[in-house]
Amino acid sequence: MIIDSGRIPPDVTSVCTRLRAAGHQAHLVGGGIRDLLLGRRPADFDVATDAHPEQVMALFGSRYAIPTGLQHGTVTVVTEVQAGDPDGQLVGDAGGAGPRRRHVEVTTFRGEGAYVDGRRPSSVTYVGSLEEDLSRRDFTMNAIGFDPLSGSLTDPFDGRRDLDARLVRAVGDPETRFREDGLRPMRAIRLATQLEFAIDPATRDAIGRTLEVFRKVSLERIRDEILKLLAARRPSGGLELMRATGVLAEVLPELLEGVGVTQNRFHKHSVYEHTLAVVDATAGDALTRLGALLHDIGKPRARQPREGAPGEFSFFKHEIVGAEMTDAICRRWKLSNLDRERVVALVLHHMFFYTPDWTDGTVRRFVRRVGPEALPALFALREGDVSGRGYDEDPETELGELRRRIAAVSAEDSVMRVGDLAIDGRDVMRILGRGPGREVGILLEGLLERVLDDPSLNTPALLEKLLRESEGNLNGAGARSPPGPIGG
């Protein structure tokens, strides 16, 4: 397992070259080296050096050196990415014609004082060697240094051996490492899941003994690790590690309510086992996978015995219970409002059952209720849900015809929302001689209901006619009672 220096981007090598030319050491360290050893494209590159932060600032100048973490010995050096390199941050116009920059973190060899808050050291001291610097790192796979100029690899903790063995192992005593930074147990699980590695037994055993430090970590940091885990090829392995080590009970105890909860003849697995299978089978990004993880979170609380079916259970309105629970979980994890609404909607709408007797209007109402932009993720979740029942069913049997129906009504340029109507609220007020008020919105919703069934009605003249025909109903409804939807 070796590294070809030619695989290091020239702009990254140039950072090391400038440091060396000034008489300093320069080694690439961390996840970038790990990924190169695994044959992966690194997401970023970090440099460890014996140069102090003020020396790095002076060497690269204020234009290219950003004092991002001087108290921890870190300076971010901005490099120019060469043409044809897809990495780096785009700087320039939205069309992608501008130059690209890369941020390379340059950190002085350092040792650390005691960790008092389970997150950061109480003090940082500079040390004289790369080996001392590597000894403070979390896992052996991340404690490897590489000099791209000489091609030499520094591996004092046998990180390459652990990579070959597909093993996540802490540097030194794992309990000490986990008590330094309470997020490290979650990082061990996430890395093992992403890389499809095992966790060294001693490192795994230390997780349960350090949960009191893990509890000090902000849920936002833990959330970010979970989302990375959910983006892995097979998240269920990591979720089971979280359960076995006690981590899951700390961050998502609601999921454990489904352990051992049997369902009915339509499901081979318990609620918890079904959930893991659905997450693995659901294609999409981390938020779609989060929707899959939480889609049946309400089942244990909605569970009721099925009449006439001993040993079987129904879960009436579990999607509504689950949506409420999901909303609370997402708020607890401090997801953005947009992300929270997206995940809650997936849970709320995942229980749909298409039958051939759906009219085109019913199909349009389904699309309108879910939202056209949310359909791909919802269908991905539903496919995973069908696969996760455990009976080798083909999801296309349930979903194929609905896909074709949606495509057909979408091709008609059909109206799906009030904003698509040929008239708006100002037109309604003008036609009926009314001022602003709740009735205007109700009338537009009523028009939309008519148009969903018959898109040919969506012309200004026909909609005006429908409004005028409804004027008698409006007048008869009384000032205190707004009218219902037209034709409702």
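1. Is Tyr 272 buried or exposed? With a relative accessibility of 5%, Tyr 272 counts as buried, where buried means under 20% relative accessible area, exposed means over 50%, and partly exposed covers what lies in between, for a 1.4 Å probe and protein chains only. Tyr 272 is placed in helix H14; helices (H or I, at least four residues) and strands (E, at least two) are DSSP runs numbered from the N terminus. Leaving aside residues up to four places away in sequence, Tyr 272 touches Leu 239, Glu 240, Arg 243, Leu 248, Leu 255, Gly 258 and Val 259, a contact being heavy atoms within 4.5 Å. By contrast, the C-alpha atoms of Tyr 272 and Met 429, 157 residues apart along the chain, are separated by 53 Å.

2. On the basis of the values, this is a predicted model, in which local features need pLDDT of at least 70 and side-chain atom pairs count only at pLDDT 80 or more, while totals for chains, interfaces and linings use all residues. Residues are numbered from 1 along each chain as its sequence is written, and side-chain values use heavy atoms, with hydrogens and water left out.

3. Helix H14 also holds Val 278, which counts as buried at 0% relative accessibility. Its contacts, again not counting residues up to four places away in sequence, are Ala 292, His 295, Leu 381, Gly 384, Asp 385 and Gly 388.

4. Asn 264 belongs to the loop between helix H13 (253-256) and helix H14 (271-281), and Asn 264 is buried, with a relative accessible area of 14%. A polar atom of the Asn 264 side chain lies 3.0 Å from the backbone oxygen of Phe 313. Beyond residues up to four places away in sequence, Asn 264 touches Arg 306, Glu 312, Phe 313 and Phe 315.

5. Helix H15 (residues 286-294) packs with helix H18 (residues 337-349) at an angle of about 45 degrees, and their axes are 9 Å apart; axes are lines fitted to C-alpha atoms, for helices over the stretch in contact, and angles run from 0 to 180 degrees between N-to-C directions. That angle makes H15 oblique to H18, because angles under 35 degrees count as roughly parallel, over 145 as roughly antiparallel, 65 to 115 as roughly perpendicular and the rest as oblique. On the H15 side, Leu 287, Thr 288, Leu 290, Gly 291 and Leu 294 meet Asp 339, Arg 342, Val 343, Leu 346 and Val 347 in H18.

6. Arg 204, Ile 207 and Gly 208 of H8 make the contact with Leu 241, Ala 244 and Thr 245 of H11.

7. Pro 185 lies in helix H7 and counts as buried at 1% relative accessibility. Not counting residues up to four places away in sequence, Pro 185 touches Phe 178, Ile 207 and Thr 210, and the C-alpha atoms of Pro 185 and Gly 208, 23 residues apart along the chain, are separated by 8.9 Å.

8. In helix H19 (residues 360-370), the residues Gly 361, Val 363, Arg 364, Phe 366, Val 367 and Val 370 are buried. These buried residues of H19 pack against H18, helix H20 (375-387), helix H21 (395-411) and helix H23 (438-453). Gly 371 follows H19, and its phi is positive, near 100 degrees.

9. Arg 166, although not a glycine, has a positive phi of about 55 degrees; Arg 166 sits in the loop between helix H5 (159-164) and strand E11 (167-168) and is partly exposed, with a relative accessible area of 40%. Glu 196, likewise not a glycine, has a positive phi of about 60 degrees, lies in the loop between helix H7 (184-195) and strand E12 (198-199), and is partly exposed at 37% relative accessible area.10. On cysteines, the count comes to zero disulfides, a disulfide being a pair of cysteine sulfur atoms within 2.5 Å. Cys 16 is buried, with a relative accessible area of 0%, and Cys 330 is buried, with a relative accessible area of 0%.

Note on methods. Polar contact = N/O pair within 3.5 Å; in protein donor to acceptor, adjacent residues only side chain to side chain.
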